[in-house]
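Here is a friendly briefing to read alongside the model. Please keep the structure open as you go through the topics below.

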Amino acid sequence: MQIQVILKNFGFSEKEIAVYLALIELGSSSVRTIAEKAKVNRGTTYDILKSLINMGIASYYNKES
């Protein structure tokens with residue numbers, strides 16, 4: 001079964017799936033890079049990342065600290 005179908009069954013939207021798969025492929029990356037890879041607007045990518053963090057399937061860190 002394709003990962004997109006599984007994520008869709010879990011209630012992910014198409015854009016959430018695109019961002020999640022970009023995260024898996026890229027690893028730690030800037031929001032700009034993730035948005036470009038996922039082909040999703042950067043502002044929308046921020047919102048999706050917040051949602052994924054709240055679900056516990058993504059995290060973030062501050063590169064400077």
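**The largest pocket**

The lining of the largest pocket has twelve nonpolar, five polar and two charged residues (Ala, Val, Leu, Ile, Met, Phe, Trp, Tyr, Cys and Pro count as nonpolar, Asp, Glu, Lys and Arg as charged, and the others, Gly among them, as polar). This is a predicted model, in which local features need pLDDT of at least 70 and side-chain atom pairs count only at pLDDT 80 or more, while totals for chains, interfaces and linings use all residues. Residues are numbered from 1 along each chain as its sequence is written, and side-chain values use heavy atoms, with hydrogens and water left out.

- The lining is made up of 19 residues, and S29, I34, S59, Y60 and Y61 lie nearest the centre of the pocket.
- A pocket here is an open set of points on a 1 Å grid over the protein atoms alone where a 1.4 Å probe fits, with protein on both sides within 12 Å along at least five of seven lines; lining residues have an atom within 4 Å of a point.
- The space in the largest pocket comes to about 590 Å³, a volume being the space filled by probe spheres set on the points.
- Helix 2 (14-26), helix 3 and helix 4 each give the lining at least two residues, and helix 4 has the largest share, with four residues.

**Overall fold**

- The protein has four helices and zero strands (DSSP runs numbered from the N terminus: H or I of at least four residues for helices, E of at least two for strands).
- Its C-alpha atoms fill a box of roughly 40 × 25 × 20 Å along the principal axes.

**Helix 3 with helix 4**

- The axes of helix 3 (residues 31-38) and helix 4 (residues 42-55) come within 9 Å and cross at roughly 105° (axes are lines fitted to C-alpha atoms over the stretch in contact, with angles from 0 to 180 degrees between N-to-C directions).
- Helix 3 and helix 4 are therefore roughly perpendicular, a term for angles of 65 to 115 degrees.
- V31, R32, I34 and A35 of helix 3 meet R42, T45, Y46 and L49 of helix 4, where contact means heavy atoms within 4.5 Å.

**Helix 2 with helix 4**

- Helix 2 and helix 4 pack at about 75°, their axes 10 Å apart.
- On the helix 2 side the contact involves K15, E16, V19, Y20 and L23, and on the helix 4 side T44, T45, I48, L49, S51, L52 and M55.
- Seven nonpolar, three polar and two charged residues make up this contact.

Note on methods. Angles under 35 degrees count as roughly parallel, over 145 as roughly antiparallel, 65 to 115 as roughly perpendicular and the rest as oblique.
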